[in-house]
Amino acid sequence: METNAALLDLDQELLDQELPGQFGPDQVPVFVVPVGDVPEGNDPHPGCGSELTADSCPSLNGHTRATLDAASRGWLLARLPARVRAAMTAAGHWELYGTRGLLVVACGDGARQMGFSVESVRRVRQETSALHTPYEILTARESRAAAGRPAAERERLITRFWVRKDAALQAVGRGLSLAPERIEAGFPADSGTVAVPGPCGSEIPVSVRNFTFSPAYEFAVATPEPHCVTPAFAYSVR
């Protein structure tokens with residue numbers, strides 16, 4: 001399987017990046033794997049079962065090495081690029097984050113200390129198009145920031161706010177136990193601090209950063225402060 005850069009319009013400079021041979025103890029190797037659909041008329045390889053397709057990526061979202069049984073792990077590994085498969089096989093722990101057409105794989109125990117979220121951004125063709133990502137996930141301040149934007153920009157901005165909140169909640173182990181509209185993530189830059197409500201009125205500061213590798217997706221990585229691990233990305237996954 002090869003990276004389908006044309007399908008996802010991935011940044012060609014990023015595609016040329018390569019991970020180093022060795023990682024530091026504070027680095028988490030993160031693979032961004034575009035997944036295309038099986039062309040019509042092409043049958044899956046004999047004995048391999050169904051292929052990994054763009055539509056099957058969302059069902060892998062949130063899974064870890066421990067939550068997939070041996071058969072499912074084998075099925076997935078057999079359908080990923082060799083470099084990703086080797087890293088996952090060597091790692092005692094890995095986590096998956098998926099949306100249509102894209103699978104993100106974070107390898108190693110350091111991934112437990114981080115939160116990741118990736119979502120595809122719906123293409124808006126008309127200003128009157130209904131929003132794919134609902135306003136209900138936003139704070140009042142975020143809603144005001146999005147309201148005045150053209151439809152396409154508004155869709156992207158709301159999706160960006162959402163992945164920040166989702167990643168921050170994952171980073172502190174809260175999942176969706178908190179309503180996302182309680183979390184302010186509308187900072188204008190690509191990185192900032194999100195305060196996640198904790199017990200007894202406390203707040204947990206989480207460092208959140210957006211990484212843009214394709215106009216088709218919004219992707220955020222979060223680490224509780226003070227953070228001690230960082231992602232080391234690989235976009236070229238042939």
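Modeller: Residues are numbered from 1 along each chain as its sequence is written, and side-chain values use heavy atoms, with hydrogens and water left out. In this predicted model local features need pLDDT of at least 70 and side-chain atom pairs count only at pLDDT 80 or more, while totals for chains, interfaces and linings use all residues.

Colleague: What makes E142 and K165 a salt bridge?

Modeller: A salt bridge is a side-chain nitrogen of Lys or Arg within 4 Å of a carboxyl oxygen of Asp or Glu. The closest N and O atoms of E142 and K165 are 2.8 Å apart, so the pair meets that definition. It links distant parts of the chain, 23 residues apart: E142 is in helix α5 (residues 140–147) and K165 in helix α6 (residues 151–171). Helices here are DSSP runs of H or I with at least four residues, strands are runs of E with at least two, and both are numbered from the N terminus.

Colleague: Why is E142 called buried?

Modeller: Buried means under 20% relative accessible area, exposed over 50%, and partly exposed in between (1.4 Å probe, protein chains only). E142 has 1% relative accessibility, so it counts as buried. K165, at 0%, is buried as well.

Colleague: Where do R149 and E153 fall on that scale?

Modeller: R149 is partly exposed at 35% relative accessibility, and E153 is partly exposed at 42%. Their side chains meet in a salt bridge, with 3.9 Å from N to O. Elsewhere, salt bridges that share partners join R156, R160, D190 and E218 into one network. The structure holds 7 salt bridges.

Colleague: Why is the pair of F116 and F219 called stacked?

Modeller: Rings of Phe, Tyr and Trp (its six-membered ring) pair if their centres lie within 6.5 Å; planes under 30 degrees apart count as stacked, over 60 as edge-to-face and the rest as tilted. F116 and F219 are 6.3 Å apart, centre to centre, with 15 degrees between the planes, so the pair is stacked by that rule. Both residues are buried.
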